[in-house]
Amino acid sequence: MTLLGPVRADLDAAHRGVAGGGALSALAELGVVRASWERRIDQARGECGSLAGNLREAVRAQSRSNEAVRSGFDAVGTPAAVSAGTAAAAASGTPGDGGVR
């Protein structure tokens with residue numbers, strides 16, 4: 001939406017000084033085409049604006065999903081962490097496997 005902001009001003013600048021000489025039918029057609037482009041620019045800005053909220057919510061949902069996955073992996077012990085825990089338990093005289101034998 002931000003990138004479309006200056007488009008209307010650029011279109012105005014490009015047409016400045018062209019709208020003289022009403023006898024040429026090409027200039028009348030140019031006016032019709034310009035009006036069409038102005039409508040389309042406004043529509044595109046509206047479409048982009050209407051998508052902004054949905055895109056922000058999609059990003060928030062994806063962030064929540066990523067965090068849930070990260071938390072799930074963090075809860076699983078890695079082989080090095082499990083081995084270190086077992087070695088520490090053996091050194092302290094307690095079973096490292098939770099007492100299951």
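Q: What does the accessible surface of the protein come to, and how much of it belongs to carbon and sulfur atoms?
A: In this predicted model, the accessible surface comes to about 7800 Å², and carbon and sulfur atoms account for 63% of that area. Of the 101 residues, 6% count as buried.

Q: Which pattern does the protein follow along the sequence?
A: The pattern is α-α-α, with three helices and zero strands. Among the helices are H1, covering residues 7–15, and H2, covering residues 25–75. As for contacts with a separation of 6 or more, 53% are between residues 24 or more positions apart.

Q: Where in the protein is confidence lowest, and where is it highest?
A: Where pLDDT is low, the predicted coordinates should not be read in detail. Here the mean pLDDT of the protein is 77, and 65% of the residues reach 70 or more. Confidence is lowest in helix H3 (residues 79–92), with a mean of 63, and highest in H2, with a mean of 89.

Q: Is Glu-38 buried or exposed?
A: A residue is called buried when its relative accessible area is under 20%. Glu-38 has a relative accessibility of 17%, and therefore counts as buried. This residue lies in helix H2. Leaving out residues up to four places away in sequence, Glu-38 touches Arg-8, Leu-11 and Asp-12.

Q: Which residues is Asp-12 in contact with, leaving aside neighbours within four places in sequence?
A: Asp-12, a residue of helix H1, is in contact with Arg-34 and Glu-38. Asp-12 and Arg-34 are 22 residues apart along the chain, and their C-alpha atoms are separated by 9.2 Å. Asp-12 is partly exposed, at 34% relative accessibility.

Q: How many salt bridges does a search of the whole structure find?
A: Side chains of opposite charge can pair when their charged atoms come close. The search finds five salt bridges. One of them joins Glu-38 to Arg-34, with the closest N and O atoms 3.0 Å apart. These two residues are four residues apart in helix H2, so about one helical turn separates them. Arg-34 is partly exposed, at 22% relative accessible area.

Q: What N to O distance is found where the side chains of Glu-67 and Arg-70 meet?
A: The distance in this salt bridge is 2.5 Å. Because Glu-67 and Arg-70 are three residues apart in helix H2, they are separated by about one helical turn. Glu-67 is partly exposed at 39% relative accessibility, and Arg-70 is partly exposed at 45%. Elsewhere, salt bridges with shared partners join Glu-57, Arg-60 and Arg-64 into one network.

Conventions
Residues are numbered from 1 along each chain as its sequence is written. This is a predicted model: local features need pLDDT of at least 70, side-chain atom pairs count only at pLDDT 80 or more; totals for chains, interfaces and linings use all residues. Side-chain values use heavy atoms; hydrogens and water are left out. Buried means under 20% relative accessible area, exposed over 50%, partly exposed in between (1.4 Å probe, protein chains only). Contact means heavy atoms within 4.5 Å. Accessible areas come from the Shrake-Rupley method with a 1.4 Å probe; for residues, only the protein chains shown count as cover. pLDDT is the predictor's confidence in each residue, from 0 to 100. A salt bridge is a side-chain nitrogen of Lys or Arg within 4 Å of a carboxyl oxygen of Asp or Glu.
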